[in-house]
Each structure stands twice: as C-alpha cells, then as structure tokens.
Amino acid sequence: MRGAPTILHLDMDAFYASAEQAAKPSLRGKPVVVGGIGPRGVVATASYEARVFGVRSAMATAQARRLCPNAAYLTPRFSLYREISEVVMALLGELSPLVEPLSLDEAFVDLEAGGVEPTSAAVRAVGERLRRDIRAATGLSGSVGLAGSKMLAKIASEEAKPDGLVLIEPGTELELLGPMSVRVIPGVGPATAETLRRAGIATVAETGEAGEAELVRLLGKAHGGGLYALATGHDDRPVVADRDAKSVSVEDTFEEDLTDRSRVQTEISRLAERCVQRLRAAGRSGRTVVIKVRSYDFSTLTRSETLRGPTDDPAVVKEAAARLIDGVDTTAGVRLLGVGVSGLADYTQEDLFAQAASEAAAVAAVAAATGAAEAPQRPGEAQGEAVGAEVKPRRWLPGLDVRHAEYGAGWVQGSGVGRVTVRFEQPWSEPGRVRTFAVDDPALEPADPLPLVRQEPGADQLADPPEDGSAPRGAADPGPGPDSPPRSGGDAVPRTVPGPGSDPATRPEPGMPSR
C-alpha cells in the first residue's frame, strides 16, 4: 500500500453502449443494449438508461428484451471500439510509461512512474485533465479512481460511476473497505463468496476479523492467504505494462443446435481462420491449437493438440482443429464452437520463411493442376469479385454501418421479409430520417464506422495544458451539446471518499456491473 494515491484506474462508462449513442444521435438518452441479438445472444453492455429496467451485462438477450422491450438492440462494432480504445490508451501513455490495460475500456496507470508529484492535489489534477482529454478526443466519458493500491483504485472508479472521479485519501482505506461486500475483493467470485457466507463471513471487515488461519482452512493456503492480505488493506501488486496474452481465441453461439457434421466442420474451419487473423494482428504465433465444444445440454469439453513449433499459418491451424473435431461426437447437437491458439511466441523470421514456402507450394500446385502457371490472374477478375461478394453481409444486422449512393451514411435499424430499414445520420448531425429499401438494393452497401468526433482544421495542434491542470489541451471542457452525447449522471462532480463519521459517497447498487 502506497502512502499517496498515485495509482489510477480508468473505466469507460458503459463503453460499447455509450459509443453507439455517440455515433447515433437518435439513440442519445434512450436505452441501448449491445450484444448478441439472436435468441441465444448475451448482453455485452447496457446503457445506463437500460440498466434502470434491470438489464445487465452477461444477461441473456431474450431476458433483456422482456425487461426492456423498447430498447435499441444492436450488434457490436468491435472495429470502432478498438479505434476508440487506442485513442484512450494513447492518452494514458502520455501520463506514465506504466500502463496496464485490462480490456478495451479499462486500465491501471502508475502516476508515480510518470513523475507526478505524490500529493492528492497533484494526482487529482491529472485525473481531471485525463477525463477532459478523453471527452475531447472521443466524445465519451470515463470514470477515474485514485488510490494507493490497485484494488482500492478500482473500487474508487466504481464509486465514481458514471462520469466522475473519486480519490481515496491515505489513512481511510480500512474504514472504507470494512462494510463493503467481500465480493469487491479481487478473486472473490460466487463460489468463494458462498463458502465464506456459510462460515458467517459477508463483509470485508468480517473477512479480516476471521484471521488468516481460518481463511486458509476454508479456501486453501494460496487463496486464503491472499484474500486475508487484501481484506486487511495489504495490496502491493505493481502496475505491469504490456501484460502478455496467454492465448488468442474466438467462439460462436448458434441460434439453432448444429447436428449436421459437415456444418460443424465448416464452422470450425471458419473459426480457425478468424483465430489466425487475430493472432497475426497481434504479431504472434502459437504452438497449441484448442477447440471448445458446448453441447445442447450446456456440457462443455475442450480438446488440444500441440504442434512441433509455433505457427500462424491458417492451413496448419485449420488442419489441427479439423483433426480435433473429428474426435468429438457432435450428433446430439452443438450449441457453441470455439477455436483458440495458446503457447504464444513472438513472430519469428523462421515463421516468415515457413509461411512463404507453404504459400509458394500451394500456388505452384494450383497452377500445375489448372495449366495456368504462365497466366496469372489480373486484378478485378473472378477472385476480386469473390472477395467483394464476401464483404456484403447476408443479413443486415441492427447497428451496422451502411452507405447509400443517394442518401449517404447511415446505420441499419432493422431488417426482415426482404426489406432493410436504415436511419441516415452521423455522429455530429441531428437525428436523421428513416428509409426502407430492398435487402438487395445495389445502391446500399456496408460501410466503415465514422469517427465519433469530427476533426476541425488544425484540431490536432493542441496547446499544452496549464500547469494547474485547469483545462485540457487546447480547449475548455466542451460539456454536453448538440454534437456530444449527454452525460447519464448529470454534471460530474469529483468526490473524495470521506472518512468515518461523514456521509458516504453514493455507491452503485449491489451486483451492478461496472460498465
């Protein structure tokens, strides 16, 4: 535990849903749910307006529709979320060389390593400037927690939601933690909490009072000892930059159970291709291929095969996944399939040579079989047409970006019975009009997401912030306006968690997800 609150935790507010509201003016201030939209879909993020109706992350979309039937249910646009995340992480990188990303919308920052003065006033100024910079750069809001340890900084950001800042003053940590549920401690999930509940332990204070020996008896040496340390405020975990991913994987849940064997094999091949794309995007290769199969009755099994060396060759990964699925009985019905690669390694020169040789051999074999060794395909012929056909989706999913030759940029509001409904608007426009087209209308095509903030000429030439941190780089806090999403929680007021005897800061409802 540090003597100054120099560990910062940033958590973007309802990230996916807020990004969709910022991109779609007609949805601002309205309930929005992002996730799987099919009958077996799961909620990824719900806006604060949807949470009022009881919609939560990880809830079945079918249940969310019953609770909030009038919400906008949208397909995730991960390319947009990743772009926003890169902007946010770059801003964090300006504060310190030690930034530990936890997900696209969440990270720890060691401000002490960035040279910030270890005083409450200095770190508060940095936190406030960060929030303003994030809003100016992305149009979105983030909540900031500042404390002397990672656990407390994360708790503080939870207290700050939405769109706020909470600083936990040194010396008040135990008084703050004591009455909280034991579930706030990292590593305490439902099973551990139930074990502790049966032993009469429900709060952090009761966990510390139980003593280390009792916790070790209940949970084992490693888990029990670590839990006791955290419950008594001893958290010396450092902020670790560039956390190394252990695996890369993709999976799909199907609207109807797959029973056809050829369909299962086709889906495994497709998932293997997507997995390799992620692997290459990360500049990695891996040596162990893993498949995941969840049956109709929710029973789940995994199978793995370790290769002779790391690879990112899609053919190799597909072949290994195909061998693995061949050994699994799927006749009863498959609900979910997944493919992953673990045992990751840095991309090596040997991988490049092996890949080049493999691709050259494949091209030579095809040329020999077709007699076209001296007639290479010209750009724009059949191959280009096939690739173009793959880009256009078979279904127009709600929330995805489109462009019409006459009406310009818009997004899919819904589709069915051969028609697709599109709302034409942009992040910086007024709510747009809705028009309906045939699903095969040649003037309508998929499009890339638009940026949430329109860059004005010279906007990238930002001035340095004042030394007192009173304004962001180059401009005052823009606040809510016609070109920015509303703040769900009203005007944000930075708060400091009070000590004993003071009115506690408003806390989120128990069980409410942080995003």
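This is a predicted model: local features need pLDDT of at least 70, side-chain atom pairs count only at pLDDT 80 or more; totals for chains, interfaces and linings use all residues.

A: The protein chain has 15 helices and 18 strands, where helices are DSSP runs of H or I with at least four residues and strands are runs of E with at least two, numbered from the N terminus. Residues are numbered from 1 along each chain as its sequence is written, and side-chain values use heavy atoms, with hydrogens and water left out.

Of the 515 residues in the chain, 44% count as buried; buried means under 20% relative accessible area, exposed means over 50%, and partly exposed is in between, with a 1.4 Å probe and protein chains only. Take the contacts (heavy atoms within 4.5 Å) with a separation of 6 or more: residues 24 or more positions apart account for 64% of them.

Now the packing itself. Two packed helices are described by the angle between their axes and the distance between the axes. Axes here are lines fitted to C-alpha atoms, for helices over the stretch in contact, and angles run from 0 to 180 degrees between N-to-C directions.

Start with helix 4 (residues 78–93) and helix 5 (residues 120–138): their axes are 10 Å apart and meet at an angle of about 150°. That angle makes helix 4 roughly antiparallel to helix 5. On the helix 4 side, the contact is made by Ile 84, Val 87, Val 88, Leu 91 and Leu 92, while helix 5 brings Leu 130, Asp 133, Ile 134, Ala 137 and Thr 138. Sorted by type, the residues of this contact of helix 4 with helix 5 are 8 nonpolar, 1 polar and 1 charged. The crossing of helix 4 and helix 5 is right-handed, that is, the near helix is turned clockwise from the far one by less than a right angle, with anticlockwise being left-handed.

Next up, helix 8 (residues 190–198) against helix 10 (residues 212–219): the angle is about 120° and the axes are 11 Å apart. That puts helix 8 oblique to helix 10. Thr 192, Thr 195 and Leu 196 of helix 8 make the contact with Leu 215, Leu 218 and Leu 219 of helix 10. The residues in this contact of helix 8 with helix 10 divide into 4 nonpolar, 2 polar and no charged. The crossing of helix 8 and helix 10 is right-handed.

Then there's helix 3 (residues 61–67), which is where Ala 64 sits. Ala 64 is buried, at 0% relative accessible area. Leave aside neighbours within four places in sequence, and Ala 64 is in contact with Val 43, Val 55, Met 59 and Tyr 73. From Ala 64 to Phe 53 is 11 residues in sequence and 8.7 Å in space, C-alpha to C-alpha.

A few loops beside helices deserve a stop as well. Most residues other than glycine have a negative phi, and most peptide bonds are trans. Ala 14, in the loop between strand 1 (7–12) and helix 1 (15–23), has a positive phi near 40°. Ala 14 is also buried, with a relative accessible area of 1%. Pro 162 lies in the loop between helix 6 (150–160) and strand 8 (165–168), and the peptide bond leading from Lys 161 to Pro 162 is cis, with omega near -10°.

Last stop: Thr 330, in the loop between helix 13 (314–326) and strand 12 (334–346). Thr 330 is buried, at 3% relative accessible area. Its side chain makes a polar contact with the side chain of Arg 261 at 2.9 Å; a polar contact is a pair of N or O atoms within 3.5 Å, where within protein one must be able to donate a hydrogen and the other to accept it, and residues adjacent in sequence count only if both atoms are side-chain atoms. Not counting residues up to four places away in sequence, Thr 330 touches Leu 258, Thr 259, Arg 261, Val 264 and Ile 325.

Methods:
Angles under 35 degrees count as roughly parallel, over 145 as roughly antiparallel, 65 to 115 as roughly perpendicular and the rest as oblique. Ala, Val, Leu, Ile, Met, Phe, Trp, Tyr, Cys and Pro count as nonpolar, Asp, Glu, Lys and Arg as charged, and the others, Gly among them, as polar.
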